[in-house]
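Please read these numbered points with the model open beside you, and look up each residue as it comes up.

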Amino acid sequence: MRVVGFGILSAALLLAPAATAADNAAIKEKAAACAGCHGENGISQTENVPSLAGQPDQFLQWQLVFFRAGSRKNDQMQPIVEGITNEDIRNFGAYFASLTPPKGPEDGDPDLSKKGAQVAAGRRCASCHTDSYAGTKAVARLAGQREEYLVKALHDYKAGQRVGGGVAAMADVAYHMSDEEITAVSHYLAHLK
């Protein structure tokens with residue numbers, strides 16, 4: 001009985017990598033449709049479109065759920081998310097989380113970054129987004145994200161136009177930020193390496 005049980009367990013372990021490789025190829029193929037907007041390997045080259053590479057798995061899953069439910073609205077995303085399954089959502093989260101996140105570009109305005117770092121410290125951004133701003137669990141990665149996208153996201157939170165996880169905290173933080181603070185903190189975060 002033990003030999004048979006061991007044999008079945010061994011066979012299952014040997015077959016698992018093949019199934020995982022096939023699943024990974026299928027996920028990568030499905031995710032290729034995202035590259036048109038979110039860029040090759042999840043690094044956006046498109047204005048106001050976020051990079052997905054290196055975003056926390058749970059954060060990505062929740063955003064897709066919010067888009068699919070219609071609580072987070074975007075004209076380009078709505079038709080795409082209508083056809084995705086819960087399994088797709090889990091797979092996309094894991095896939096994009098596994099990709100190398102974007103590195104911030106060279107900082108052409110270190111004074112603005114210094115002001116942005118002060119804003120981030122004053123608004124306690126690291127208390128949710130982590131000290132490196134890499135995000136965690138259902139909290140977004142901010143380091144290296146597109147600068148104009150960060151500006152847009154903060155303005156959307158401030159105006160109450162963006163909903164989803166953490167909306168109460170983000171709306172409260174963004175509501176009290178001036179346009180200059182939003183510009184500075186977005187510049188700082190986008191240029192983090």
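1. In this predicted model, Glu 181 and Arg 123 are joined through their side chains by a salt bridge, with a nitrogen-to-oxygen distance of 3.2 Å. The two partners come from distant parts of the chain, since Glu 181 belongs to helix H10 and Arg 123 to the loop between H6 and H7, 58 residues apart. Glu 181 counts as partly exposed because its relative accessibility is 23%, and Arg 123 is likewise described as partly exposed, with a relative accessible area of 27%.

2. How many salt bridges does the structure hold? There are five, and one of them pairs Glu 106 with Lys 193, whose closest N and O atoms are 3.5 Å apart. Glu 106 sits in the loop between H5 and helix H6 (110-122), while Lys 193 sits in the segment after H10, so this pair ties together parts that are 87 residues apart in sequence. Both Glu 106 and Lys 193 are exposed.

3. Another salt bridge lies within a helix: Lys 152 and Asp 156 have their closest N and O atoms 2.7 Å apart, and because these residues are four places apart in helix H8, about one helical turn separates them. Lys 152 counts as partly exposed at 37% relative accessibility, whereas Asp 156 is buried, with a relative accessible area of 15%.

4. A search of the whole structure for aromatic pairs finds three. Among them is the stacked pair of Trp 62 and Phe 66, with 5.5 Å from centre to centre and 25 degrees between the planes. Both residues lie in helix H3 (residues 57-69), four residues apart, which is about one turn of the helix. Trp 62 is partly exposed, with a relative accessible area of 43%, but Phe 66 counts as buried at 14% relative accessibility.

5. A further aromatic pair, formed by Tyr 133 and Tyr 188, is edge-to-face, with 6.0 Å between the centres and 85 degrees between the planes. Tyr 133 lies in the loop between helix H7 (126-129) and helix H8 (147-158), and Tyr 188 lies in helix H10 (residues 179-190), so the pair ties together parts that are 55 residues apart in sequence. Tyr 133 is buried, with a relative accessible area of 7%, and Tyr 188 is buried as well, with a value of 17%.

6. The backbone of Tyr 133 also deserves a look, for this residue has a positive phi of about 60 degrees although it is not a glycine. Asn 48 is another residue other than glycine with a positive phi, near 65 degrees. Asn 48 lies in the loop between helix H2 (35-38) and H3, and at 31% relative accessibility Asn 48 counts as partly exposed.

7. How many disulfides are there? The count comes to zero. Cys 34 is in no disulfide, and its nearest cysteine sulfur, that of Cys 37, is 8.7 Å away; this pair is not a disulfide because the sulfur atoms would have to lie within 2.5 Å. Cys 128 is in no disulfide either, the nearest cysteine sulfur being that of Cys 125, at 8.7 Å. Cys 128 is partly exposed, with a relative accessible area of 41%.

8. Finally, is Asp 88 buried or exposed? Asp 88 counts as buried, because its relative accessibility is 10%. Asp 88 lies in helix H5 (residues 86-98), and, leaving aside residues up to four places away in sequence, Asp 88 touches Lys 30 and Gly 83.

Technical notes
Residues numbered from 1 in each chain as written. Predicted model: local features only at pLDDT ≥ 70, side-chain atom pairs only at ≥ 80, totals over all residues. Heavy atoms only, no water. Helix = DSSP H or I, 4+ residues; strand = E, 2+ residues; numbered from the N terminus. Buried < 20%, exposed > 50% of the residue type's maximum accessible area, 1.4 Å probe, protein only. Contact = heavy atoms within 4.5 Å. Phe/Tyr/Trp six-rings, centres within 6.5 Å; stacked < 30°, edge-to-face > 60°. Salt bridge = Lys/Arg side-chain N within 4 Å of Asp/Glu carboxyl O.
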